[in-house]
Every structure is written in C-alpha cells, then in structure tokens.
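This report describes selected local features of one protein structure. Please consult the sequence and the coordinates alongside the text.

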Amino acid sequence: MTINHVTVVGAGVMGRGIAYVSALAGFKTTLVDISESQLLDAMENAKQTVQKGIARGKITEEKKQILLENLHTSTDLATATKETDFLIEAVPEKRSLKQSIMQEVEAHARDGVIFTSNTSTISPTELASYTNRPEHFAVMHFFNPVHLMKLVEIVRGLETSDETVKKVRKVAERMGKETVEVNEFPGFVTSRISALVGNEAFHMLQEGVASAEDIDKAIKLGLNFPMGPLELGDLVGLDARLNNLRYLHEKLGDKFRPAPLLEQYVKAGRLGRKSGKGVYDYSKERD
Ligand code: NAD
C-alpha cells in the first residue's frame with residue numbers, strides 16, 4: 001500500500017508537531033482531537049512555526065503552501081481512520097485511553113494500514129494486542145519539539161513484521177528524521193535515561209543542592225547537554241514526566257521512584273511550559 005494519507009490522533013505537544021512534519025513532508029495529514037480548541041491551537045501553532053522557518057531562511061514559501069494544503073483537522077476519528085494509510089497515536093500516556101483508541105481505529109481502518117504509537121513507555125506488544133494487526137504495529141517515538149529533533153525511535157513488538165519496520169522507517173525518513181531500532185524494554189533507550197536524569201535533578205532541587213538555574217547551567221556547561229534537565233522537564237510537561245516515572249518505577253524498580261517535589265508540582269498544576277509555570281515561570285512569555 002502506498003502511504004499518502006497519515007492520521008495523527010491527539011493534537012497536544014507531540015501530535016501537533018508530528019502532524020506538522022508529516023504535512024510538510026507532503027503527506028495528506030489529518031490531525032484528530034476530541035478538543036476543538038486544541039485543534040485550532042495546533043493550526044495556529046503550525047502557521048507560526050512555518051512563518052518562523054521562513055524568517056530564518058529554513059523553509060521556502062513553496063514548502064509553506066505544501067504544509068497548508070496538506071494539514072487538516074477533525075474531531076471525527078472514524079472518518080479519518082477510514083481514509084488513512086498510516087496512523088500515529090499521540091494521546092496522553094494512559095493505557096486505558098490508548099486501548100480505546102486502538103480498538104476504535106481497528107474497527108474502521110482498512111487491512112494493511114500500519115498503526116503506530118508515540119508512547120514514551122508502554123509496551124508495543126501490549127498496544128498491538130488491542131488490535132487485530134499486531135504484525136502491522138510498532139512504536140514510533142518522536143521527540144519534542146518534533147520539527148527540530150532529528151530522532152525517531154522505532155520499537156518492535158513481539159509480532160511486528162520486518163516489512164512494517166521498513167515502512168515506518170521510510171515514513172520517518174520522509175519526515176526528515178533519523179531512526180534507531182530498539183527492542184522492547186520499558187522506556188526504550190531515551191525515555192529511560194531521560195526520566196532518570198530528570199528525576200535526579202528534582203531530588204537535587206528538593207535537597208537544596210543548588211538552585212534550578214544552577215543545576216541546569218551545570219549540566220549544560222559541565223556535561224555538554226544542550227538543555228538542562230529541569231528546563232527539559234518543563235518542555236516535556238511535568239505530568240508526562242511523572243507518568244513515565246510511575247510506569248518505569250513499576251516495571252524497573254526503585255531507582256525510578258518519582259521525586260516527591262515533582263509529585264507536588266504536578267498536584268499544584270505546575271506542569272511546565274504548557275501551563276505557564278513548572279520549575280520556571282513562563283507567564284510573562286505568554287503576555
Ligand atoms: P498532551 O497532553 O500534550 O496532548 C494529548 C492530546 O490528546 C490532547 O490534545 C488531548 O485533547 C488529546 N486527546 C485526549 N483524549 C483523546 C481522544 N480520545 N481522542 C483524540 N484526542 C484525545 O500529550 P503529549 O505530551 O503530546 O503526549 C502524547 C503522547 O506522546 C504520550 O504517549 C506521551 O508519553 C508521548 N510523548 C510525549 C513527549 C513530550 O515531550 N511531551 C515526548 C515523546 C513522547
């Protein structure tokens with residue numbers, strides 16, 4: 001099956017970014033969400049991102065037209081699924097939610113359509129088991145911000161076919177990404193390392209080892225990380241980070257137990273950039 005039409009489910013931090021690179025690559029792309037306002041926001045975001053790309057000389061006017069022609073939004077998952085050749089799920093990291101999405105798309109998709117999930121932690125074998133096409137399922141793990149980050153981790157489930165991995169790789173490459181193939185382990189490569197480092201930074205903040213600014217500065221300038229772990233947490237979303245840690249704690253043991261301060265921030269609604277405040281305060285940036 002030639003892949004022309006890509007459906008992305010979930011228009012949050014990740015889904016909107018994935019839909020952007022998909023449409024820019026020339027795939028007819030439908031971004032689906034239950035929230036109209038998320039979809040409006042995502043479209044606005046895509047227009048701003050492409051405009052910034054043009055201003056920096058990274059994107060041509062012609063590419064902008066390709067983006068605008070190919071990017072569509074919908075709240076009707078069933079119809080989008082019927083028309084699609086390739087599906088990327090990017091709803092919140094909750095198994096029951098991902099299960100219900102997989103079951104719904106299974107009911108509407110044509111045979112042979114590949115299903116992928118952008119899950120950071122959940123087993124591809126488990127997600128594939130919610131469909132009748134485990135050989136056509138893989139995890140396709142993008143990074144934030146999607147239009148800038150080069151990597152896609154492809155994670156096989158038990159039944160994922162070689163053909164499916166090949167097709168997922170081709171789609172990722174057409175979106176301008178490099179890929180790595182990872183075997184099924186909780187947290188893959190990147191989420192496992194990133195969760196551990198991010199959690200340790202929260203412990204250090206709580207213990208008073210240094211200020212948030214100095215922890216981030218030390219890691220950037222001393223260890224040559226492009227971003228500090230605390231600012232990265234704010235970018236990823238502290239709720240998403242906490243969810244990952246809870247899952248890894250359950251699967252891999254005590255070293256992933258979430259730092260109490262992180263739990264407290266999430267309880268307080270300090271979720272990072274998306275809520276205007278996390279470790280750092282972004283409220284002034286929004287004005
Ligand atoms: P998010 O909370 O920013 O966005 C999720 C979106 O899904 C929201 O717009 C929400 O309205 C929508 N949604 C909820 N229920 C839905 C439904 N039934 N149908 C359609 N849409 C629905 O989440 P996110 O940070 O974009 O994360 C999405 C996935 O990507 C998660 O599995 C997460 O673990 C993974 N991930 C996140 C990051 C990151 O940096 N945030 C990085 C890699 C992977």
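In which loop is Phe188 found? Phe188 is found in the loop between strand E8 (178-182) and helix H8, where helices (H or I, at least four residues) and strands (E, at least two) are DSSP runs, numbered from the N terminus.

## Basis of the model

This is a predicted model, in which local features need pLDDT of at least 70 and side-chain atom pairs count only at pLDDT 80 or more, while totals for chains, interfaces and linings use all residues. Residues are numbered from 1 along each chain as its sequence is written, and side-chain values use heavy atoms, with hydrogens and water left out.

## Backbone features in loops

Phe188 has a positive phi of about 50 degrees although it is not a glycine. Phe188 is buried, with a relative accessible area of 5%; buried means under 20% relative accessible area, exposed over 50%, and partly exposed in between (1.4 Å probe, protein chains only). Asn224, in the loop between H9 and H10, is also not a glycine and has a positive phi of about 65 degrees. At 68% relative accessibility, Asn224 counts as exposed.

A cis peptide bond joins Asn144 and Pro145, with omega at about -5 degrees. Pro145 is placed in the loop between strand E6 (137-141) and strand E7 (151-156).

## Packing of H10 and H11

Two packed helices are described by the angle between their axes and the distance between the axes. Helix H10 (residues 229-236) packs with helix H11 (residues 238-252) at an angle of about 100 degrees, the axes being 6 Å apart. H10 is therefore roughly perpendicular to H11. Axes are lines fitted to C-alpha atoms, for helices over the stretch in contact, and angles run from 0 to 180 degrees between N-to-C directions; angles under 35 degrees count as roughly parallel, over 145 as roughly antiparallel, 65 to 115 as roughly perpendicular and the rest as oblique.

On the H10 side, Pro229, Gly233, Asp234 and Val236 meet Leu238, Ala240 and Arg241 of H11, contact meaning heavy atoms within 4.5 Å. By class, this contact of H10 with H11 has four nonpolar, one polar and two charged residues. Ala, Val, Leu, Ile, Met, Phe, Trp, Tyr, Cys and Pro count as nonpolar, Asp, Glu, Lys and Arg as charged, and the others, Gly among them, as polar. The buried residues of H10 are Pro229, Leu230, Glu231, Gly233 and Asp234, and their cover includes helix H8 (190-207), helix H9 (212-223) and H11. Gly237, which follows H10, has a positive phi near 105 degrees.

## Packing of H8 and H11

The axes of H8 and H11 come within 10 Å and cross at roughly 110 degrees. H8 is therefore roughly perpendicular to H11. From H8, the contact is made by Ser191, Arg192, Ser194, Ala195, Gly198, Asn199 and Phe202, and from H11 by Leu238, Arg241, Leu245, Leu248 and Leu252. The residues of this contact of H8 with H11 divide into six nonpolar, four polar and two charged.

## Surroundings of Ile215

Ile215 lies in helix H9 and, at 5% relative accessibility, counts as buried. Not counting residues up to four places away in sequence, Ile215 touches Ala201, Met204, Leu205, Ala210 and Leu230. Ile215 and Arg169 are 46 residues apart in sequence and 36 Å apart in space, C-alpha to C-alpha.
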